[in-house]
Every structure is written in C-alpha cells, then in structure tokens.
Amino acid sequence: MSEIRIAAESRTEFGKGAARRARRAGFVPGVVYGHGHTPVHLNLPSHDLMMALKTPNALLVVPIEGKDEYVLPKAVQREAIKRTIEHVDLLLVKRGEKVTVEIPVHTEGELAPGGNLIENVLNALPIEAEATHLPESVTVSVEGLEAGASITAGDIALPAGVSLAVEADAVVLQVIGAQAPEATEEEAAEGADEAAVEA
C-alpha cells in the first residue's frame, strides 16, 4: 500500500463554531490518538482527504509537532445528505506495528447456472497485518458454485504477512438459490376455484 501525504495543520480552535469555520475554509477537523500520545487536533484539506479515503484503510502521512507520522482512518463522520466528510478520527501507527482492520472481499467468476445469488455474510474480512503493508482487498473465486455453497474466512488466500482476525470457519459469503416467483392473485384464485370444484 502506498503512503498518501496530507498537508494537515494544527487545530487550536474547538467547538461547533470553529468546526464550521474550518469546513467553510476547505478543511475537515480531525483528531489523532494512539500509543499513549496526547490526542492531537488537526485540520485536514477536505479534497485531499476525500480522495485519500477512496482507498480502504488508506495509510496517511501527516505532520505532527514537526514530524511526519503514519496514521490510519478509524472513524469517519459524514453529512447525512451530501455525504461530505464532517470529522475524522485517525489512529497513530508505527512502521512494523501490527494492526487489525477490515478489508473488502471481491468475487470473480460465474456461479453455476440457475439464477443463484451471492449473499455477503460478512461485509468485510477482519485481518491483522503490518500497518504499513495493509492489503486494499482480497479476491475469491465463486466459479461454478451452486446454491448452498459457502466460502469461509479460512478458504481465502491472504498475502504474505497477513493473518485472519476472525475464526477460520466464519462464513464470509454463501450462495443462495433463486426463489421461485410468487403466484399471482389470479393464479391463486384459479387454484382455489379448481379445489372447490374437485371438492
């Protein structure tokens, strides 16, 4: 995973009014915590942050007290309608440190014929890996899988240095059969009439 450098600035004003002023100026208020460090308050350029967060578990480099530090986004608050970023919590991490994150699971291949569907039991896969070498996602093949088949966490091949942070038998996704179309009201009425005649 590549590092994404963001030119954050120290934040000295707090409260809702200060946050609104920061957003109007094109910044997102954020706080960095971790490693027993006193929380550090930052303003981050909103466009740069928005672009960076398009990458799952983006590894950011921000200046803290004159020194570049690695941080990972842990909680992102968004505006309900416009979905703009309102606030971000960042976790301070060190090179070589193991962290637990969730990564997206992508599928490839075609299911067995019959209109079957994939159901995601886990929306993302919990893993543990070095903070500076986090995979963006994993891909599993569903080629030829039939209804009733499932893929567990242990079935997924992980990159070197990455381990599961969930039980290996945890179901990640499963294949469900296509449901038969429900009978229309007319068909149901006809069936009832036929049953009445037979009776």
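**Close-up views of a predicted model**

**Figure 1. Lining of the largest pocket.** Helix α2 gives the most residues to the lining of the largest pocket, with three. The structure shown here is a predicted model. Arg-23, Phe-27, Val-28, Ser-46, His-47, Met-50, Arg-78, Arg-83, Thr-84, Ile-85 and Glu-86 line the largest pocket. Two or more of the lining residues come from each of β3 (27-34), α2 (46-52) and β7 (85-93). Sorted by class, the lining has four nonpolar, three polar and four charged residues. The volume of the largest pocket is about 170 Å³.

Figure 2. Asn-43 lies in β4, the strand made of residues 37-45. The relative accessible area of Asn-43 is 12%. Buried means under 20%, so Asn-43 counts as buried. Apart from neighbours within four places in sequence, the residues in contact with Asn-43 are Ala-8, Glu-9, Arg-11, Ala-22, Phe-27, Val-28 and Pro-29. Among them, Phe-27 and Val-28 also belong to the lining of the largest pocket shown in Figure 1.

**Figure 3. An open sheet of three strands.** The strands follow the order β10-β15-β13, and their pairing is antiparallel. The edge strands, β10 (117-120) and β13, each pair on one side only. From one strand to the next, the twist averages 15°.

**Figure 4. Pairing of β10 with β15.** Strand β15 covers residues 171-176 and is joined to β10 by four bridges. The two strands run antiparallel. Within this pairing, Ile-118 stands opposite Val-175 of β15.

Figure 5. Ile-156 sits in the loop that lies between β13 (150-152) and β14 (163-164). Ile-156 counts as buried because its relative accessibility is 6%, where the cut-off for buried is under 20%. With neighbours within four places in sequence left aside, Ile-156 is in contact with Val-105, Leu-125, Val-138, Val-140, Ile-151 and Val-172. One of these contacts, Val-138, is 18 residues away from Ile-156 in sequence. The C-alpha atoms of Ile-156 and Val-138 are 7.8 Å apart in space.

Key:
Residues numbered from 1 in each chain as written. Predicted model: local features only at pLDDT ≥ 70, side-chain atom pairs only at ≥ 80, totals over all residues. Heavy atoms only, no water. Buried < 20%, exposed > 50% of the residue type's maximum accessible area, 1.4 Å probe, protein only. Contact = heavy atoms within 4.5 Å. 1 Å grid on protein atoms, 1.4 Å probe; cavity = no way out; pocket = protein on both sides within 12 Å on 5 of 7 lines; lining within 4 Å. Points joined across faces, edges and corners; volume = space filled by probe spheres on them. Nonpolar A, V, L, I, M, F, W, Y, C, P; charged D, E, K, R; others polar. Pairing = 2+ DSSP bridges. Axes fitted to C-alpha atoms, helices over the stretch in contact; angles between N-to-C directions.
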